[in-house]
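Colleague: I would like to learn how to read a structure feature by feature. Could we go through one together?

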Amino acid sequence: MAHYKAADRILPGAEFILDIGGQDMKCMRVKNGEIESILLNEACSSGCGSFIENFANALGMSSADFATLGLTAEHPVDLGSRCTVFMNSRVKQAQKEGATVADISAGLSYSVVKNALFKVIKLRDTSTMGDKIIVQGGTFMNNSVLRAFELICGRDVVRPDKAGLMGAYGSALISIERDDGKGSTIATLDKLESFTVEKTTARCGRCSNNCLLTITKFPDGKRYISNNRCERGAGNVSTKEKLPNLFDYKYHLLFDRECLPESTAKRGVVGLPRVLGMYENYPFWHKLFTELGFSVKLSPKSSREIYDRGIETMPSESVCYPAKLAHGHIQALIDEGVKFIFYPSMPYEMSENNGADNHYNCPVVATYSEVIKNSVPELRRDVKFMNPFLPIFHKKRMGERLYEEFTKEFPDGGFTKQEIVSALEKAYAEDEAFKAEMHRKGEETLKFLEDNGKNGIVLAGRPYHIDPEINHGLPEMITGYGYAVLTEDSVAHMEQVVRPIRIVDQWTYHSRLYAAAHVVGKHDCLELVQLNSFGCGLDAITTDQVQEILRSFGKLYTCLKIDEVNNLGAARIRLRSLISVVEERKRHHYKPVMGHLGYVRQPEFTEEMRKKHTILCPQMAPVHFDLLEAAFGHSGYNVVILNDCSKAVVDEGLKYVNNDACYPSILIVGQLIHALNSGKYDLRNTSVMITQTGGACRATNYVGMLKKALKDSGHADIPLISLNVVGLEKQSGFKLTMPLAIRAFMAIIYGDVLSRCLYKVRPYEVTKGSADALYQKWRLFLREDMKSLSLPNFNKNVRNIVKDFSEFPVRDIKKPRVGLVGEILVKFHPVANNNIIGLLENEGCEVVVPDLMGFFYYICSHGKTKRELLYTTRTKAFAENAAIMAFRFMERSYRKAVKGTKFGCPGDIYKMRESVRSIVSPGNIAGEGWFLSAEMLELIGEGVPNIVCMQPFACLPNHVTGKGVIGELRRQHPESNIVAVDFDPGASEVNQVNRIKLMLTQAFANAGISRRSIVNIQPDDQYSQLVSSGTKL
């Protein structure tokens, strides 16, 4: 409020206020003299003034000199808009490429502004900023930052000459406004000249946070305490009424349960880790095991010491803090002598019948026990570790699966079906009772607030956010500000979500967030703050959706990003800003203006549109999608595959997609919006199309991201086609007919044949460019030939492709073979993976890329998995198996043609599924799931031990079946040489290349090959041009 008051005094009627300070940034939109919305950066101070100051200091310059130098830059460096960790690498890379200090200074200024506009404010159209714009905060005293803001926005702005003191000036204005006539208590100048303070530190000890307090003592005996996470640390607890804190209430309700004494437990002790999904299901599991005669041993409360215990076994540094804690909890149980640990994997949560599209668990919550199994050595030797995949959402099947698992693991345990079914009934009843009590407590708390004229904050997140070690004492901080704290599950049952909403509502925990936002919207006494763990890829989807719901009610939205760092100074600023605006609204009797609830769909793609519309589709795999374009064209759809993936496309994606979204979503949305804005297409006769799997990965919600981008970019009237087979986003004018399906799979198989053959011979070509020329010859021929649906003709073409490449002249030399696996788009898209195939071939390697058809086999094998481990109907399982049979029928000529040749033959999906069981369960069906692990295993078996495992930053499934299995693969196959590489628009290409080259050093050494002798072989350059411009590979 202080910043608003100051801005309004300097620029009366200010509509858009942007304040960037040393450690935070905030944006206020003002309408009719009232703050309509306030946005703050979510986490650390990256992208603020201290960010630039640190770089200036590293160069031995003052901030002022560094800023002045930026104004002289001729070629400002593009450094992106990610956090400081990424930015440091980008700066180093820029320096290696010859960038001047002035260019770096200007680049950093642009980054600060882009971070504020596109990440924090999520600005899409500068016209929405209004006419009166004021910028303030110490960072805007940097003329380079001010100029960057003006250039990016194209607007004239007001910067006060004392921009860094606007908060203090506003505070003085508020003091005058609220003067009670009793005079000021501020010390006089004379007293200030002799003013002294004494600072000491001490541990609080009043709660489990045990904060390290800074105690400041003043000459008059008063003292001020800081660094406390709650008011108890400041000593402000005795006189205030204790407000409801449902985080604390739920924690005790969840875990304070009586366990059987070990002496009377007929089946011994079972250890349950206090992690992730256990914060949702502990009452269920505690009751089940107690009824089965086990003494339940719960791991200790989370703490930094628990985290440190497991740090050596964490395979991924970028997974969320709650997942990292799991390693310490397992180690704690082992250290306490527990010999049986139960940590189930559950891809689905119980269905809450709330109209959601599905009830998945987050991939990390669902399957992180697989990482634990493969990372903690003691679990292979001394401890029985059970992590079965279970269908908790289906009572009957759950009983069957538990009986199967317990009788397998405890053949002499005497378990009976009747005993398990009886225990299971009581477990479900206990779970229902726990949830009912949370509902009752939420209703009681809301009534208390309304009856007593008090306010509350729904601190909305995941169940595990009630862990004090994870939330770092935020609930206590909020109650210290005079607000009650409620959990999302304590209120979500009170309202139904107005549907449809923009995104696919498929994760149970998130469904509660959307319902809780509706509850907050309908109650004046409630506000919502969303907790988001750093590295949670799914929250790139949920945060935008929750914000949209709250804005529909005229409510403020605040998001707090938390990780293992427990410095809550930034969170305190955000909470106080929220509370300050709420209190100001109350003083002015502000009444929010309701907006539209729910989502208005894009226009339907009709049969008439099919005849006239150009359908734009983003690129994913150049070899395959080039042929798919022709397949759709011959089937009556004018599909255009977008091949422009320039920097402008990435920038467009970053502008319209949540900055925490994965790289594939940024590329996909960027390509489509950039094409729509290019002027190349008649927008009255243009539609867009992307694929959608319907699985637990966030890729299912790329459609939701694209909907938002279309609306924000002014293209809400463009029809959107979802290419899927699960019934999502149905369109009357688009039918996946049999001829189209046949042509599409012909295109994919042709693409696999061409890729397999091309990558095998190109590194050894005698004449430079000749392999690509042969590919281009076949590419052009196949695009035309797919008019025919003749399978004999298709089989003949496949055989002839293999024959042509088999007879292709090659050098008789040996090169290391390197396999590429990972997230599907990053694996196949040369822009997403920084042209890794070109890099590896230039380094003297042969690249092996598993077939794209393998992913379709994997998706269709889910039916068998669900019948075996989870639950699905016989009809669905039969249909998916029938699809696999159809794929095999279409691929038989391909497999026959390559079998026994130097090109190698793709593996059988069911054999791959069985082979990987020693590493991960086939129950891993999110994203690339178990198939990713199986591809690495298959490559190693085919003599390709050198592997690059690629994933977008924060790709949750790959934490489990990618990074999470590398250690176990190395243990089982010591010859394996695997490197995991994250790809992201803000990631440093230098770091990526260095990691890959380090792997290659080992690859050449293991193969006994001199890299220099291979790299220096230069093919004869007789092909200055290819047959056509074609597609870049």
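Modeller: We start in a loop: Glu729 sits between strand β19 (720–723) and helix α26. Keep in mind that the model is predicted.

Colleague: What is the phi of Glu729?

Modeller: Phi of Glu729 is near 50°, which is a positive value in a residue other than glycine. Asn834 is another such residue, with phi near 55°. Asn834 belongs to the loop that runs between α29 (824–828) and α30 (836–842).

Colleague: Is Asn834 buried, partly exposed or exposed?

Modeller: The relative accessible area of Asn834 is 28%. Buried means under 20% and exposed means over 50%, so Asn834 counts as partly exposed.

Colleague: Where is there a cis peptide bond, and what is its omega?

Modeller: The bond from Arg499 to Pro500 is cis, and its omega is near 5°. Pro500 lies in a loop as well, between β13 (483–486) and α18 (508–521).

Colleague: Now the helices. How are two packed helices described?

Modeller: By the angle between their axes and the distance between the axes. Here, take helix α13 (residues 363–375) and helix α37 (residues 963–972): their axes come within 9 Å and cross at roughly 25°. Angles under 35 degrees count as roughly parallel, and therefore α13 and α37 are roughly parallel to each other. Their crossing is left-handed.

Colleague: Which residues make the contact?

Modeller: From α13, they are Val371, Asn374 and Ser375; from α37, they are Gly964, Val965 and Glu968. By type, the contact of α13 with α37 holds two nonpolar, three polar and one charged residue.

Colleague: What is Phe289 in contact with, leaving aside its neighbours within four places in sequence?

Modeller: With Val270, Leu272, Phe294, Val296, Phe340, Phe342 and Phe406.

Notes:
Residues numbered from 1 in each chain as written. Predicted model: local features only at pLDDT ≥ 70, side-chain atom pairs only at ≥ 80, totals over all residues. Heavy atoms only, no water. Axes fitted to C-alpha atoms, helices over the stretch in contact; angles between N-to-C directions. Helix = DSSP H or I, 4+ residues; strand = E, 2+ residues; numbered from the N terminus. Parallel < 35°, antiparallel > 145°, perpendicular 65-115°, else oblique. Left-handed = near helix turned anticlockwise from the far one by under 90°. Contact = heavy atoms within 4.5 Å. Nonpolar A, V, L, I, M, F, W, Y, C, P; charged D, E, K, R; others polar. Buried < 20%, exposed > 50% of the residue type's maximum accessible area, 1.4 Å probe, protein only.
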